[in-house]
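I opened this model to learn how its chain is put together. My notes follow in the order in which I looked things up.

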Amino acid sequence: MNQTVLVIDDHSLFRAGLRLMLADTAAQLDVREAASIDEALGGPRDAAAPSLVLLDIQLPGVNGLDGMALIHRRWPDCPVIVLSADGASATAHD
């Protein structure tokens with residue numbers, strides 16, 4: 001059974017690099033990409049939930065925590081790992 005990772009980040013180069021790294025790690029891993037929460041959630045309502053979401057905490061148009069709530073509303077059992085390029089320790093603690 002294939003596992004699906006959904007990478008949500010507004011930087012296409014970062015998404016592509018993460019996708020390539022993950023694809024090299026596991027042959028049966030399906031890596032999908034979305035540039036925004038809207039794009040990630042815009043698919044058919046009956047589409048299979050991802051196995052894991054990697055979420056940029058600083059997306060334009062939506063606060064990262066609000067985005068996480070939207071993801072959990074759509075896929076309540078899907079784990080979410082938050083990503084950030086912000087090096088400030090306060091970001092990790094918020």
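**Entry 1: the sheet.** I started with β1 and β2, which run parallel and are joined by 6 bridges. Here strands are DSSP runs (E, at least two residues) and helices are runs of H or I with at least four residues, numbered from the N terminus. Two strands pair if DSSP finds at least two bridges between them. I found L6 opposite R32 of β2.

Before going on, I noted that this is a predicted model, where local features need pLDDT of at least 70 and side-chain atom pairs count only at pLDDT 80 or more, while totals for chains, interfaces and linings use all residues. Residues are numbered from 1 along each chain as its sequence is written, and side-chain values use heavy atoms, with hydrogens and water left out.

Next I checked β1 against β3. These two also run parallel, with 4 bridges between them. V5 stands opposite L52 in β3.

In what order do the strands of the open sheet lie? I read β2-β1-β3-β4, 4 strands with parallel pairing. β2 and β4 stand at the edges with a single partner strand each, so one side of each has no neighbour in the sheet. From one strand to the next, the twist averages 20 degrees.

**Entry 2: the whole chain.** I counted 4 helices and 4 strands. Along the sequence they follow the pattern β-α-β-α-β-α-β-α. Buried residues make up 32% of the 94 residues. Buried means under 20% relative accessible area, exposed over 50%, and partly exposed in between (1.4 Å probe, protein chains only). I then looked at contacts, meaning heavy atoms within 4.5 Å. Of those between residues at least 6 apart in sequence, 74% join residues at least 24 apart.

**Entry 3: β1 again.** Why is β1 called largely enclosed by the rest of the structure? It is because 5 of its 6 residues are buried.

**Entry 4: helix α1.** This helix covers residues 12-25, 14 residues in number. It reaches 20 Å from its first C-alpha to its last, close to the 20 Å expected at 1.5 Å a residue. The expected span is 1.5 Å times one less than the number of residues.

Which residues of α1 are buried? I listed R15, L18 and L22. Seen down the axis of α1, they fall within an arc of 70 degrees, so they line one face of the helix. The arc is that of the directions from the helix axis to the C-beta atoms. An α-helix has 3.6 residues a turn, so residues three or four places apart point the same way.

The face turned away from the buried side carries the exposed residues L13, L20 and D24. The cover over the buried residues of α1 includes β1 (3-8), β2 (29-34), β3 (52-56) and β4 (80-83).

I took a closer look at R15. It counts as buried at 12% relative accessibility. Leaving out neighbours within four places in sequence, R15 touches V7, D9, D10, E33, A34 and A35.

**Entry 5: helix α3.** In α3 (residues 64-74), I found G64, G67, M68, I71 and R74 buried. They cover an arc of only 125 degrees around the axis, which puts them on the same side of α3. They pack against β1, α2 (37-41), β3 and β4.

**Entry 6: the cores.** A nonpolar core is a set of buried Ala, Val, Leu, Ile, Met, Phe, Trp, Tyr and Cys residues joined through side-chain atoms within 4.5 Å. Which members of the largest core touch the most other members? Of its 14 residues, these are L6, I8, I37, V53, L55 and I71. β1, α2, β3 and α3 each give two or more residues to this core. The largest share, 3 residues, comes from α2. A second, separate core has 7 residues, including L18, L22, V31 and L54.

**Entry 7: L52.** Last, I checked L52, which lies in strand β3. L52 is partly exposed, with a relative accessible area of 21%. L52 and L6 are 46 residues apart in sequence, yet 6.3 Å apart in space, C-alpha to C-alpha.

Terms used
Axes are lines fitted to C-alpha atoms, for helices over the stretch in contact, and angles run from 0 to 180 degrees between N-to-C directions.
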